[in-house]
Amino acid sequence: MAVIEVVVGDITREAVDAIVTAANESLLGGGGVDGAVHRAAGPRLARAGGAIAPCEPGDAKATPAFDLDPPVRHVIHTVGPVWEGGGHGEADILASCYRRSLRVADGLGVRAIAFPAIATGVYGFPADQAARIAAVTLAATPTTVERIRLVAFDEDTAGHLHAALAFSC
Ligand code: APR
């Protein structure tokens, strides 16, 4: 079972084998964490993303990490749900993002992976509910990944993740 850690910071600075980005279906880049990942990885990331797009909400697809510093070798692009009040399958789609990302990571032999708080920015998913889904899903999904780092961009998100992990593990 993987060790799950919470840290506050910029995911592009993580020393892991793969980082997950909260993308949109085009995989061409966007704002928020996706913008930061594309800036750090360079323009080849959008070309590689475009070549394997579209990526449906709840799915995940991998590309090389290009100009990101080693040991990062892979970017796993996942598309969260747009929050529409919670009655449109948003929770299931978000859980699927975490499960599918781990599945893709397993296929690549990833040992350490970093996740952002998927869907909690532009897509508007409430941070406390999203943290619970992240913690419960990651704790329950069989994987060969050994270390999972949940990278919060702010202290509030980190607090929600700590609380959710204490509850779910
Ligand atoms: N490192 C870690 N987390 C970050 C970073 C970063 N460098 N930058 C932003 N975040 C955090 C946000 O604070 C938020 O908690 O990532 C979380 C997810 O927010 P978004 O990046 O807005 O992602 P999401 O809500 O899933 O929206 C996806 O935004 O621009 C795009 O292409 C993307 O259209 C897609 C949409």
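Here are some friendly notes on this structure, moving from the whole chain to a few of its side chains.

1. **What you are looking at.** Please keep in mind that this is a predicted model. The protein chain contains five helices and six strands. Read from the N terminus, these elements follow the order β-β-α-α-β-β-α-β-α-β-α.

2. **Overall dimensions.** The C-alpha trace of the protein chain spans about 40 × 35 × 30 Å along its principal axes. The radius of gyration is 14 Å, which agrees with the value near 15 Å that a compact globule of 169 residues would have.

3. Of the 169 residues in the protein chain, 47% count as buried. The chain exposes about 7700 Å², and carbon and sulfur atoms supply 54% of that area.

4. **Contacts along the sequence.** Take the contacts in the protein chain between residues at least 6 apart in sequence: 68% of them join residues at least 24 apart.

5. **Charges.** The protein chain carries 13 positive and 19 negative side chains. The centres of these two sets lie 8 Å apart. The count of salt bridges comes to seven.

6. Which residue in strand β6 forms a pair with Glu5 across 144 residues? Arg149 does: its side chain meets that of Glu5 in a salt bridge of 2.8 Å, N to O. This pair, too, links distant parts of the chain, with Arg149 in strand β6 and Glu5 in strand β1. Arg149 counts as buried because its relative accessibility is 18%, and the cut-off for buried is under 20%. Glu5, Arg147 and Arg149 also belong to a network of salt bridges that includes Glu14.

7. **Arg100 and Asp59.** Moving to another part of the chain, the side chains of Arg100 and Asp59 meet in a salt bridge of 2.9 Å, N to O. Arg100 sits in helix α3 (residues 90-107), whereas Asp59 is in the loop between α2 (44-52) and β3 (60-64), so the pair ties together parts that are 41 residues apart in sequence. Arg100 is partly exposed, with a relative accessible area of 29%. Asp59 is also partly exposed, at 21%.

8. **Helix α1.** Which residues of helix α1 (residues 32-41) are buried? They are Asp34, Gly35, Ala36, Val37, His38 and Ala41. The buried residues of α1 pack against β2 (18-23), α2 and β4 (74-79). Just after α1 comes Gly42, which takes a positive phi of about 90°.

Note on methods:
Residues are numbered from 1 along each chain as its sequence is written. This is a predicted model: local features need pLDDT of at least 70, side-chain atom pairs count only at pLDDT 80 or more; totals for chains, interfaces and linings use all residues. Side-chain values use heavy atoms; hydrogens and water are left out. Helices (H or I, at least four residues) and strands (E, at least two) are DSSP runs, numbered from the N terminus. The radius of gyration is taken over C-alpha atoms; the globule rule is 2.2 Å times the number of residues to the power 0.38. Buried means under 20% relative accessible area, exposed over 50%, partly exposed in between (1.4 Å probe, protein chains only). Contact means heavy atoms within 4.5 Å. Accessible areas come from the Shrake-Rupley method with a 1.4 Å probe; for residues, only the protein chains shown count as cover. Lys and Arg count as positive and Asp and Glu as negative; His and the chain ends are not counted. The place of a charge is taken as NZ of Lys, CZ of Arg, CG of Asp or CD of Glu. A salt bridge is a side-chain nitrogen of Lys or Arg within 4 Å of a carboxyl oxygen of Asp or Glu.
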